[in-house]
Amino acid sequence: MNTAILLEKYMPHTMIKKILQARVYDVAVETPLSRANQLCNRFENEIILKREDLQPVFSFKIRGAYNKISQLTDEEKNRGVIAASAGNHAQGLALAAKKLGIKATIVMPETTPEVKVTAVRNHGAEVVLFGDAYDAAFGKSQEIMQASGQVFVHPFDDLDTIAGQGTVGMEILRQHEGNIDAIFVPVGGGGLIAGIAAYVKYLRPEIKIIGVEPEDAACLKYALEQGKPTRLSQVGIFAEGVAVAQIGTNTFNIAKDTVDEVVTVTTDEMCAAIKDIYDDTRSITEPAGACAVAGLKKYIERENVQGKTFIAINSGANVNFDRLRHVSERAELGEKREAIIAVKIPEHPGSFKDFCDAMTGRSITEFNYRFSHEDEAVIFVGIQIGGPDSLTNLLHDLKDYDVIDLTDNETAKVHVRHMIGGHLRSNKGELLYSFEFPERPGALLKFLTTLGGQWNISMFHYRNHGDAYGRVLVGLQAVGEETDVTRYLDDLGYPYQDENDNLACQLFFK
């Protein structure tokens, strides 16, 4: 059968045969199923991860890429292959081409993590960087293909590629012979979910196949609503591995008959899922790789189910190391374990201590403040919570204060928390000191209480970065009382540093 011909109707026998005959194990490995013990205990369901992050290219994409190009004719192989990819298909194709001695050119979005670009080049493929997302890279690859005569290898909308990805489903049913209630699959262009769904639904139709997409890149969900593949007007690129504007035609024709539903997840929920997977496996996935776990958690909470068996595809682990700063920052928010609030308190000595007394027993993750008004202070506070009920309880406990909940305010989380500062809006002046203390629950509140209210605090910055020591920068309105301040700070018992001559402080705070 010519795989360039689109499936006008889903033909299960054809796909099952293709999956059974798929050539993947020359380069791919059969990845294990790993029980996620902590998630199981937390959600009271059997939760299992399919570890496609353990492939030689740290992604399932090697399966479809190798299956496709291994079936090219000698004439096609001599012309070389070209593809557009956000990274994982590129690595799979580059390794497959290297294995078979075929020249490969990969067009990748300029936003692709460097770890993926480097890996593709290391496998010997030529890399062309173009555009911000997959669709722009795809257009460029078509231009190059027309000029070079290379064979285009589609990352998802090709029956041989889909069949290669379908071996993931084949392995799952072979490895787990017991009951499976649902399999959660991340969706970009749809190759993985189409392949898994085609195989699983043919043999075990009672198993639900649930697609998971980012809220800002939900092309399968949109296509199902429209009844046909339909382009999204724009696509979020945080999870670049699934940042596709339009589902494939072949993949849609299969998915519409075999996928039970699509769950969408936020960036914060994917960050939380990355942390969950790390806690259970000590491996770090990319955002797209954790997408299925994020959807699984959301499904369990929505349906309020217990005692079920769920499998989530951990689809890839190609993430830039520096991306982890953002992931760590947002994971607690995605897990609803951190609340961000703004609190208004009176601007006078002792008001900080009074507020701390109201916070007794809670762990502070962030505490930012800058003097701006003689009568009223506004504090930016991050607080560890245990879920939505804990946020409600927190707001109730602070009912005597004017509190604004910023937990779902994207601008506050991305920008404001890092920009609180500036020059002092008072003629009284200030003295700047930095402190450090062993980081443990309650350490910040103990420090604030010890600091006391002898002088008005004009600036305060603290963020728990997961370090062994908490670090704080404090401004005190005590100009002319330097000797008294020094004597007082010496008696506190905390290591501190005079920052008044620090050039950065002089530039931005003085």
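Is Tyr66 buried or exposed? Select Tyr66 and find out: with a relative accessible area of 2%, Tyr66 is buried. Here buried stands for under 20% relative accessible area, exposed for over 50%, and partly exposed for what lies in between, with a 1.4 Å probe and protein chains only.

Before moving on, a word about what is on your screen. This is a predicted model, in which local features need pLDDT of at least 70 and side-chain atom pairs count only at pLDDT 80 or more, while totals for chains, interfaces and linings use all residues. Residues are numbered from 1 along each chain as its sequence is written, and side-chain values use heavy atoms, with hydrogens and water left out.

**Stop 1: around Tyr66**

Tyr66 sits in helix H3. Helices (H or I, at least four residues) and strands (E, at least two) are DSSP runs, numbered from the N terminus. Now show the contacts of Tyr66, where contact means heavy atoms within 4.5 Å. Leaving out residues up to four places away in sequence, Tyr66 touches Arg23, Val24, Asp26, Val27, Ala96, Lys99 and Leu100. For a sense of scale, draw a C-alpha to C-alpha distance from Tyr66 to Leu432: the two are 61 Å apart in space and 366 residues apart in sequence.

**Stop 2**

The side chain of Arg63 meets that of Glu52 in a salt bridge, 2.8 Å from N to O. The term requires a side-chain nitrogen of Lys or Arg within 4 Å of a carboxyl oxygen of Asp or Glu.

Most residues other than glycine have a negative phi. Phe58 has 44% relative accessibility, so Phe58 counts as partly exposed.

**Stop 3: two salt bridges across the sequence**

Next, select Glu286 and Lys116. They form a salt bridge whose closest N and O atoms are 3.0 Å apart. Glu286 lies in the loop between helix H12 (267–281) and helix H13 (287–303), and Lys116 in helix H6 (residues 114–122), so the pair ties together parts that are 170 residues apart in sequence. Both Glu286 and Lys116 are buried.

The loop between H12 and H13 also holds Arg282. Arg282 has a positive phi, near 60°, and is exposed, with a relative accessible area of 57%.

Then go to Lys344 and Asp402, whose side chains meet in a salt bridge of 3.8 Å, N to O. Lys344 is in strand S11 (residues 338–346) and Asp402 in strand S14 (residues 402–405), 58 residues apart. Lys344 counts as partly exposed at 30% relative accessibility, and so does Asp402 at 41%. To finish this stop, highlight Lys50, Glu52, Arg63 and Glu171 together: salt bridges that share partners join them into one network. A search of the whole structure finds 28 salt bridges.

**Stop 4: Phe130**

Select Phe130, found in the loop between strand S5 (126–129) and helix H7 (134–148). Phe130 is partly exposed, with a relative accessible area of 36%. Neighbours within four places in sequence aside, Phe130 is in contact with Val107, Met108, Pro109, Glu110, Ala136, Ala137 and Lys140. From Phe130 to Pro109 the C-alpha to C-alpha distance is 5.0 Å, although the two are 21 residues apart in sequence.

**Stop 5: a helix pair**

How do H10 and H11 lie relative to each other? Colour helix H10 (residues 219–226) and helix H11 (residues 249–258): they pack at an angle of about 70°, with their axes 11 Å apart. Axes are lines fitted to C-alpha atoms, for helices over the stretch in contact, and angles run from 0 to 180 degrees between N-to-C directions. H10 and H11 are therefore roughly perpendicular to each other, a label for angles from 65 to 115 degrees (under 35 is roughly parallel, over 145 roughly antiparallel, the rest oblique). Show side chains to see the contact, made by Leu220, Ala223 and Leu224 of H10 and Phe252, Ala255 and Lys256 of H11.
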